[in-house]
Amino acid sequence: MHGCYHRAMNFEHLIAINDPGNPLVASLSRAQLWEGLLFRVDNPLPFLPGLEACRIIERSPQQIRRELDFGAARIVDRVTLLDQQWVRFEIEANEQHAGGTLTISIEEPEPERLFLRFTYVTTFGEASGSEDRAYIEYVKSAYQQSDIDCVRVIRTLAAGGSIQ
């Protein structure tokens, strides 16, 4: 088969939320972390640079469909969640986006020691070898930066700060 084909890229990383050894990092409770993730579902603008508007299309207790307007591109995603455990964003494939998922899970290996695990499964067109690798590294680092920003926004919310 000739032409462009797609393949999946799986990528995950952990961000520590509470560091008992570092008094400069304000600890968050699991409930505060969960509230922050729910805020991201209902109001993704502070979390997604370039996002101009978000419209909730459908809502049920465990699932929400949203239309995200990035100006040049519109994507529809489906958000599913398990209370206090994880939230999954699933982008529906269209002409501008091949689709993919991001799952953000709360992990607590020991009491009060909280982590967020970000797991991406995304599809993209194949490029030639080294370009492909460079592109993947670029995407991974962009995802990581976005996730660090996500945690920063959640911390600001938890501290009672306002976000633009």
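**A walk through the model**

Guide: Leaving aside neighbours within four places in sequence, leucine 37 is in contact (heavy atoms within 4.5 Å) with Val87, Ile104, Ile106, Leu116 and Ile154. This is a predicted model, in which local features need pLDDT of at least 70 and side-chain atom pairs count only at pLDDT 80 or more, while totals for chains, interfaces and linings use all residues. Residues are numbered from 1 along each chain as its sequence is written, and side-chain values use heavy atoms, with hydrogens and water left out.

Visitor: What pattern does the protein follow when read along the sequence?

Guide: Helices (H or I, at least four residues) and strands (E, at least two) are DSSP runs, numbered from the N terminus. The secondary structure comes to two helices and seven strands. Read along the sequence, these elements give the pattern β-α-β-β-β-β-β-β-α.

Visitor: How many bridges join S4 to strand S5?

Guide: Two strands pair if DSSP finds at least two bridges between them. Strand S3 (residues 63–69) and strand S4 (residues 74–82) pair in the antiparallel sense over seven bridges, with glutamine 63 standing opposite threonine 80 in S4. On the S5 side, leucine 81 stands opposite valine 87. S4 and strand S5 (residues 86–91) also run antiparallel, and the number of bridges that join them is six.

Visitor: Which residue in the turn between S4 and S5 has a positive phi?

Guide: In the hairpin of S3 and S4, with four residues between the strands, glycine 71 takes a positive phi near 80°. The hairpin of S4 and S5 has three residues between its strands, and the residue with positive phi in that turn, at a value near 65°, is a residue other than glycine. At 25% relative accessibility this residue counts as partly exposed, and its name is glutamine 84.

Visitor: Is glutamate 112 buried or exposed?

Guide: Glutamate 112 is found in the loop between strand S6 (100–110) and strand S7 (113–125). Phi of glutamate 112 is near 70°, a positive value in a residue other than glycine. Because its relative accessible area is 53%, glutamate 112 counts as exposed.

Visitor: How many disulfides does the structure hold?

Guide: A disulfide is a pair of cysteine sulfur atoms within 2.5 Å. Cysteine 54, at 25% relative accessibility, counts as partly exposed, whereas cysteine 150 is buried, with a relative accessible area of 1%. The number of disulfides in the structure is zero.

Visitor: What percentage of the residues of the protein count as buried?

Guide: The protein exposes about 9500 Å², of which carbon and sulfur atoms supply 52%, with accessible areas taken from the Shrake-Rupley method with a 1.4 Å probe. Of the 164 residues of the protein, the share that counts as buried is 32%.

Definitions and conventions:
Buried means under 20% relative accessible area, exposed over 50%, partly exposed in between (1.4 Å probe, protein chains only).
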